[in-house]
Amino acid sequence: MRAVTTKTPDSLTTALTAHIADAITAAGGWIGFDQFMALALYTPGLGYYANDSAKFGLLPDSGSDFVTAPELTPLFGQTLAVQVAEAFEHTGANEVWEFGAGSGALALQLLDALGDRVQRYTIVDLSGSLRARQQALLAPHAHKLQWVDALPERFEGVVVGNEVLDAMPVQLLARHGGQQGGVWHERGVALHEGAFTWADRPTALRPPVEVEGPQDYLTEIHAQGEGFIRTLADRLARGAIFLLDYGFGESEYYHPQRHMGTVMCHQGHLADGDPLVAVGRKDITAHVNFTAMALAAQDAGMNVLGYTTQAHFLINCGLAQRMVELPPLERATAAKLIMEHEMGELFKVIALGVGEAWEPIGFAQGDRSHRL
């Protein structure tokens, strides 16, 4: 039984705020931002991804907060299916494992496009309410589907994750003072007169590169995302991994001019930078440090098969040819996937593999692995 089916947004926020406040009190008055983010997003029945809000949609009047590529156009999943099919051929796998399947739109597109080439489709999702929506949407493929909330000790298949890494909790690091003599702190959350407030504590944690400049500096480190990659490496016996998300390589991620960090919230198709208010009612994300993900993969014995922009990846997989066949309005919508000022440049794709390295079609032109 889900706890929030009758909750109003205000009562949901009140209940989640009280739950997080109890956690802060139990921890002695302070928790790291990674723990706050985890509670705000994933507390059963109350967290943003665990309650019944709409989340995914094209327009705010639907009650949704943001749109992802599969909701934008079915061409996204149809084009990604070209890469998945090639990965099946190279690895001998015939299963797809999707993390964070959201509305189920990407799963439907992949299942429709792949047909009999996919024997089983497993969705790894912690959200009970999203699982119910996925089951309804994917009913025609029910005989191939299974849902799990944790990975088995060993599995094989092609792993896909669209906007999964950005929703994994991050630690915040704040430097007070410049490069010379500045002091690093971990930024966490405390309580002040019943409300959440930022609170910094000195820490031995550091960004992976030295950040130049005299300015104060706020950034993130991605221990949970790196741990996720290591877990995949440990348990994937055969197959490949394709992760699509917004982010940068390390040198751009920790550029001196990026001094405000990348944590961002989304509610009603508007973005803001304050995760401490309206908890449970808006998404909280951080851009991905793809260099950190690549290094975690290599340290765990996997190969980086490719890294490029979403635009290059989708074009390499045949998106442009598919777009030609669309009516003008649908073609303009699909173009957002590859336009530089939309999703084309900010969104990246990284491919990881076990066993012998090979070159996936999505990285045939424009591979940026050397820039990680």
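I started with Val159 and looked up its bridge partner in strand 12, which is Ile241. Helices (H or I, at least four residues) and strands (E, at least two) are DSSP runs here, numbered from the N terminus. Two strands pair if DSSP finds at least two bridges between them. Strand 7 and strand 12 clear that with eight bridges, in the parallel sense.

Before going on, a note on the source: this is a predicted model, where local features need pLDDT of at least 70 and side-chain atom pairs count only at pLDDT 80 or more, while totals for chains, interfaces and linings use all residues. Residues are numbered from 1 along each chain as its sequence is written, and side-chain values use heavy atoms, with hydrogens and water left out.

Next I checked strand 4, which also pairs with strand 7 in the parallel sense, over three bridges. Glu98 stands opposite Val160 of strand 7 there. For cover, I take buried as under 20% relative accessible area, exposed as over 50%, and partly exposed as in between (1.4 Å probe, protein chains only). Strand 7 is mostly covered, with seven of its eight residues buried.

**Strand 18**

I moved on to strand 18 and found it antiparallel to strand 12, with seven bridges joining the two. Leu243 is the residue opposite Ile350 of strand 18. Strand 17 (residues 303-309) pairs with strand 18 as well, antiparallel and over six bridges. In that pairing I see Asn303 opposite Gly353.

Which way do the residues of strand 18 point? Phe347, Val349, Ala351 and Gly353 go one way, Lys348, Ile350 and Leu352 go the other, and all are buried. In a regular strand the side chains alternate between the two faces of the sheet. The count for strand 18 is seven buried out of seven.

**Gly306**

I picked Gly306 in strand 17. Gly306 counts as buried because its relative accessible area is 0%. Contact means heavy atoms within 4.5 Å. Leaving aside neighbours within four places in sequence, Gly306 is in contact with Val349, Ile350, Ala351, Phe363, Asp367 and Ser369. I also took a C-alpha distance: Gly306 and Ile361 are 55 residues apart along the chain and separated by 9.5 Å.

**Helix 7**

The expected span is 1.5 Å times one less than the number of residues. The 13 residues of helix 7 should therefore span 18 Å, and the end C-alpha atoms are 18 Å apart, which agrees. Its buried residues are Gly225, Gly227, Phe228, Ile229, Leu232, Ala233 and Arg235. What do they pack against? I listed strand 4 (95-99), strand 7 (155-162), strand 12 (236-248), helix 9 (290-299) and strand 18 (347-353).

**Pocket and cavity**

On a 1 Å grid over the protein atoms alone, a cavity is a set of points where a 1.4 Å probe fits but cannot get out, and a pocket is an open set with protein on both sides within 12 Å along at least five of seven lines; lining residues have an atom within 4 Å of a point. Grid points are joined across faces, edges and corners, and a volume is the space filled by probe spheres set on the points.

The largest pocket holds about 720 Å³. It has 36 lining residues, and Tyr42, Phe99, Gly100, Val124 and Val164 are the closest to its centre. Helix 7 gives the most to this lining, four residues. Helix 3 (69-72), strand 4, helix 5 (105-114) and helix 7 each supply at least two.

I found one cavity of 30 Å³ or more. The largest cavity holds about 40 Å³, and its lining includes Gly225, His222, Met293 and Pro169.

**Helix 2 and Val189**

In helix 2 (residues 33-42), I noted Phe33, Phe36, Met37, Leu39, Ala40 and Leu41 as buried. Among the elements they pack against are helix 1 (9-26) and strand 9 (183-192). Val189 sits in strand 9 and is buried, at 0% relative accessible area. Its contacts beyond four places in sequence include Phe33, Phe36, Trp30 and Leu276.

**Cysteines**

Last, I looked for disulfides (a pair of cysteine sulfur atoms within 2.5 Å). The search of the whole structure finds zero. Cys265 is buried at 0%, and Cys317 is buried at 5%.
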